[in-house]
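Welcome to this short briefing on a protein structure. Take a look at the model first, and then we will walk through some of its charged pairs and one of its sheets.

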Amino acid sequence: MKHLIRLLICLFLILMLFAGVKGYAGTSETVIIPVQSIDKAPCVTMQTSAYQGDTVEATVNTDVDLKNPILTFKGKKIKLACIDKKTYRAYIGINAWEKTEKYEIKFSDDTEKLSQTKFLTVVTKKFPNQYIKLSPSKSALEPTKFELAQVQKGKTSCSCAPHYGSVPFISPVPGEIVSVYGLNRYYNGKIGSYHKGVDIAANEGAPVKVVADGIVTVADTFNIHGGTIAVDHGNGITSMYLHLSKICAKPGQTVKAGNIIGNVGSTGISTGPHLHWGIYVNGESVDPYTFWVRK
């Protein structure tokens, strides 16, 4: 009898335990633990070597939001322009006299999600010499402080967001290139500087077209540079047009690729009608025909 009672008690306890577990399970809620996606680090793409006078393009592709992304080259901070939600771009200008060595380029932003280092080796490019004989009246010309300030403004006043549509740009004027970029120039036998642009032979008064969309930053006539126009194309890119006989644009004016902004002349220090024009990348002169314009 005692064994039977014990058996019944055990069965009762088992039934109660089963009923309790079932009741708890019936009233429980399913807890879903979200799996956090792992964002990929931004991908930086750029070439590892460049010649003197070249333009280097740096691109950052990212799935994460960046804030104020920049690259730092030789201590100079260059803003990366937002091309779309996942792409940022900047350019580095390698001038004709840049030291030929290996440079460190750091990429960063305020969120610290972008933190990478790349290296760029600058390779020597041999530029020819050019000897120019100036008349006493031309060689006596001196730039004013205002002229130097305005020309520097034209080279360096560039916005981050690109105004132009695409590369390549158009040529500003048809004609033969008579002086290439990078020439080591000697004036009356004395070394000057290197040629920071390209000279195109053209008839006096020939129309000069702006090479890409942009905003005019400088439009004036000076002692050395003659009739001068500078245009900000955004993304750190500016173009300059010198020795113009006529200026057809004003500072602050928005221009479209192909708009006539002036006429070919021989003003300033010039030995005959031609257009001197050039491209500056974040303030550094580069060869327009290695990246920006097709010959």
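Let's begin with E104, which is partly exposed at a relative accessible area of 41% (buried means under 20% relative accessible area, exposed over 50%, and partly exposed in between, with a 1.4 Å probe and protein chains only). Keep in mind that this is a predicted model, where local features need pLDDT of at least 70 and side-chain atom pairs count only at pLDDT 80 or more, while totals for chains, interfaces and linings use all residues. Residues are numbered from 1 along each chain as its sequence is written, and side-chain values use heavy atoms, with hydrogens and water left out.

**Salt bridges**

- E104 has a charged partner: its side chain meets that of K106 in a salt bridge, with 3.8 Å from N to O.
- The term salt bridge stands for a side-chain nitrogen of Lys or Arg within 4 Å of a carboxyl oxygen of Asp or Glu.
- K106 is partly exposed too, with a relative accessible area of 44%.
- In total, the structure holds 5 salt bridges.

- Another salt bridge joins the side chains of E98 and K74, at 2.8 Å from N to O.
- This pair links distant parts of the chain, 24 residues apart: E98 is in the loop between strand 7 (87-93) and strand 8 (102-108), and K74 is in the loop between strand 4 (70-73) and strand 5 (76-79).
- Strands (E, at least two residues) are DSSP runs, numbered from the N terminus.
- Is E98 buried or exposed? E98 is buried, with a relative accessible area of 6%, whereas K74 is partly exposed at 48%.
- K256 and D213 also form a salt bridge, and their closest N and O atoms are 3.8 Å apart.
- K256 sits in the loop between strand 20 (254-255) and strand 21 (260-263), and D213 in the loop between strand 15 (207-209) and strand 16 (214-222), so this pair ties together parts 43 residues apart in sequence.
- K256 counts as partly exposed, with 48% relative accessibility.

- Five strands make an open sheet with mixed pairing, in the order 2-9-8-4-5.
- The edges belong to strand 2 (49-51) and strand 5; each has a single partner strand, so one side of each is left without a neighbour in the sheet.
- Strands 4 and 8 pair in the antiparallel sense over 4 bridges (two strands pair if DSSP finds at least two bridges between them).
- Which residue stands opposite L71? It is F107, in strand 8.
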